[in-house]
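Subject: The structure you asked about, with some notes

Hi there,

Here is the structure for you to open on your side. My notes follow below it, so please have a look at both together.

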Amino acid sequence: MLEEADPHSPFGTNSPTLVKDFPSPELPAPFILHIVPVCGLVLFPGMIAPLMLGAEVTKGLLIEPLAENQTVGVLAQRNQTVKEPGESDLFSIGCMAQIVRLVPQPDGGMLLLVEGMQRFALRKMLPLKSGFDAEIEILTPRTPPGSDKQWETAIHTLRASALKLLEMMPEVPEEARATIASIHDGEQLTDLLATNLPIEVEQKQVLLEELDVAARLRGVQGHITHQLGIVQIQQSLLQEVQTQFSEAQRRAYLHEQLRAIHRQLGDDDPTKQTVQLREQLINAGLSAETMDLAERELRRLAFVPPASPEYCVIVSYLETLAGLPWQKVSTDTLDLDQAQRILDRDHFNLVQVKCRLIEYLAVRKLNPGARGSILCFLGPPGVGKTSLGQSVADALGRRFARVSLGGIRDEAEIRGHRRSYIGSMPGRMIQELRRTGTRNPVFMLDEVDKIGADFRGDPASALLEVLDPWQNQAFVDRYLDVPFDFSKVIFIATANSLDPIPAPLRDRMEILELPGYTEREKLAIAQQFLLPRQLIENGLTPETCFWEPGVLQRIISDYTHEAGVRELERQIAAVCRRIASQIARGQCRQGRIAEPLLSQILGPAKFVREQRLKADIPGIATALAYTPMGGEILHVEATRYFGKGNIKLTGQLGAIMRESVETAISLLRSRAATLGINAQAFIQNDIHVHLPCGAVPKDGPSAGIAMFTALASLFTNTAVHADLAMTGEITLRGSVLPVSGLKEKSLAAMRAGIRRVLIPKLNEKDLAEVPEEVREYLIFTPVESVDEVLSLALHEHSGF
């Protein structure tokens, strides 16, 4: 088989391929074939060749559509400029071919892959509406007998000449030499060589029409001998020229030859692309080490064919290098007053977070080269973590880049893919820097607590190098394979919870908590930010859509249940859309939103919050819990009934809460005498502890004193104050341990109508973070032991 040859080869390019001999086709009488005219190609028997049919020809074939395995007649055109050839424009002798494959083209044309079978002669043309059929006569070549010594000598001489020509051309594949050496049939050999000879179509047609195989062989031998002479002269001239040209002249000569070849093929000049890439790399300001690597790749590019997949890989790599902001930095606007105005414009309250950001910018102003800490905004969804990063970028006058890390499991997303396969690409850090066009953007790493890990690596561990100010000045992406400086980038991460973040990664970041908003804060945010924005987005104005007082508060309390304000904005948008629809239909000119209208637009109230107990009941205590959605209250219910001392826990309690119940029971049994409880009650009764809302999983180390209080109330038959809630963990010694999330829990207590809250003594310092309105509404009582808890929680008690 002959592979595709080099453009300089006398065997041409895109040469047809040798296939096995075909027997005479079994055609129905009369011998009628559909004729396929071809331009610039003569098909010989035993060869495979592609034929391109234009859109106008393909449309005509729709009447008699071609199909795979169909036999057609292939005739070469006399005049290659004729677009719609007639009978007089075609040679009268051609080659029968079988269609191997049909490939439709985007322009409406058709690519046919055909196998040559036998020579035929035209006898009568049968014109069709588009194209034509023809009656043909199969031609049988005349071959000398195999015992003819002169014929065997001629075949051997032709084969030897062809092999000699190939030996003088090392660029021709070895498979071509092996194919020619393996052919012993004279007719096959002459057809193969005639197909691949770089001669005119008319000369090939002469060889096709020659039925005397011996005469055909002599003709092919003459062409081979002629090509041998040309190659020998070229090699002789090349040797002489090489001694005269300097290295620079030789390179210029070769490049000019390469450009001429690509102009003939209609391809883009690869040397021009190389020059452009070199200019882009120089303008990008690469380091000396990186520029040396780029120059090596450019030299490789000069020797790689443009059609090769490796060519695209190298070009993509060099374009990535040239597109990175190696030296481009944006000028910081370090006006702290303006930064404060931007933060106040975009976000309500968040005083401590804004103060920390101003401090961060102040350090940048006084020491531009300082390695700042990596900030991590921690808080529930919808509190403005991502938008805070955008505000920091606006305050500094820097570009803003954002990458969502939620759900990624492949380490290559951070470090990049190795350039060992087509489709490899740099990591998302490098991609975002290339998109922003500067080396010092504000880079937001969203959802850093939701990074996964599997057999493809651990992306969280890969982030350690990126977020370390002492290492990221020489971060090496696997795709680039050269260091890139990340030290000028301001990294800001966001997370909903700290627990899923690995400890080493958490250690790299400074945590800034953004707790949930109070209802008063949500109302202010809705009035100042959400409602004006939704009016604009829905084509309304305050005059065409009037909101009565109390409507926003009703939406907050009855239709949202979140720490942030995303759902609140969605509900406001739903109301605005209903008014916009009525105005657009001409049903009204002005919409007036009142509380009774909310149930028509938004439906009945979606959330009924857990409220304080209406009565003081033994065996029930109110606990405070913290969730990613904000604070919640939990009613801890305990009951006992005759049994064998078994303990039953329901309400989807996690392992930590189960241990809290067991600790509370052990502590209660150890103090049974002090509390006046009969020790036999624990043996003769089964205990059932339940937390309502069983469909919601619950866990955490903050309900210990509530568990103990509910059990103590149950066994002493003493009611717990209904207006009191508590949070804190206990030990077997009866001590009350500190907990987290005091602000969120306090907000939940205020929403539920609780008036008194018991907190651990060690959490007293955290009251400064509780909003002032909450501190004015609630009475906080610090406690250090369960004795103090029972004395404050139970109506009547003894032994304290």
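Leaving aside its neighbours within four places in sequence, which residues is Ser330 in contact with? They are Gly397, Arg398, Thr438 and Asn440. Ser330 itself sits in the loop that links α10 (309-323) and α11 (336-346). Its relative accessibility is 17%, so Ser330 counts as buried, the cut-off being under 20%.

Before going further, please keep in mind that this is a predicted model.

**Overall picture**

The protein has 800 residues, and 48% of them are buried. It contains 28 helices and 25 strands. Taking contacts between residues at least 6 apart in sequence, 73% join residues at least 24 apart. The exposed surface comes to about 39,000 Å², with carbon and sulfur atoms supplying 52% of it.

As for confidence, the mean pLDDT is 84, and 89% of the residues reach 70 or more. Over residues 1-15 the pLDDT is below 50, although this stretch has 39 contacts in the model beyond near neighbours in sequence. Residues 18-24 also have a pLDDT below 50, with 15 such contacts. Where pLDDT is low, the predicted coordinates should not be read in detail.

**The five-stranded sheet**

Now to the sheet I would look at with you. It is an open sheet of 5 strands in the order β9-β10-β13-β8-β14, and the pairing is parallel. The edges are formed by β9 (400-404) and β14 (509-513); each has a single partner strand, so one side of each has no neighbour in the sheet. On average, neighbouring strands are turned by 25 degrees against each other, direction ignored.

Strand β10 (residues 442-446) pairs with β9 in the parallel sense over 5 bridges. Within that pairing, Phe400 has Val442 as its bridge partner, and Ala401 has Phe443. Toward β13, β10 also runs parallel, joined by 4 bridges. There, Phe443 stands opposite Phe491.

How many of the 5 residues of β10 are buried? The answer is 5 of 5, so to speak a mostly covered strand. In a regular strand the side chains alternate between the two faces of the sheet. In β10, Val442, Met444 and Asp446 point one way, while Phe443 and Leu445 point the other way, and all are buried.

Helix α15 (residues 428-436) lies across β9 and β10, and runs at about 150 degrees to β9.

Leu375 gives a view from another strand, as it is in β8. With a relative accessible area of 1%, Leu375 is buried. Not counting residues up to four places away in sequence, Leu375 touches Arg356, Leu357, Tyr360, Phe491, Ile492, Ala493, Glu510 and Leu512.

**Helix α21**

Which residues of helix α21 (residues 595-602) are buried? They are Leu598, Ile601 and Leu602. These three cover an arc of only 75 degrees around the axis, which puts them on the same side of α21. An α-helix has 3.6 residues a turn, so residues three or four places apart point the same way. On the other side of α21, Pro596 and Gln600 are exposed. The cover over the buried residues includes α19 (551-559), α20 (566-584) and β16 (591-593). Just after α21, Gly603 takes a positive phi of about 85 degrees.

**An exposed loop residue**

Is Asp481 buried or exposed? Its relative accessibility is 51%, so Asp481 counts as exposed, the cut-off being over 50%. Asp481 lies in the loop between β11 (475-476) and β12 (483-484). Along the sequence Asp481 and Gly416 are 65 residues apart, yet from C-alpha to C-alpha the separation is 9.6 Å.

Best wishes

Key. Residues are numbered from 1 along each chain as its sequence is written. This is a predicted model: local features need pLDDT of at least 70, side-chain atom pairs count only at pLDDT 80 or more; totals for chains, interfaces and linings use all residues. Side-chain values use heavy atoms; hydrogens and water are left out. Two strands pair if DSSP finds at least two bridges between them. Helices (H or I, at least four residues) and strands (E, at least two) are DSSP runs, numbered from the N terminus. Axes are lines fitted to C-alpha atoms, for helices over the stretch in contact, and angles run from 0 to 180 degrees between N-to-C directions. Contact means heavy atoms within 4.5 Å. Buried means under 20% relative accessible area, exposed over 50%, partly exposed in between (1.4 Å probe, protein chains only). The arc is that of the directions from the helix axis to the C-beta atoms. Accessible areas come from the Shrake-Rupley method with a 1.4 Å probe; for residues, only the protein chains shown count as cover. pLDDT is the predictor's confidence in each residue, from 0 to 100.
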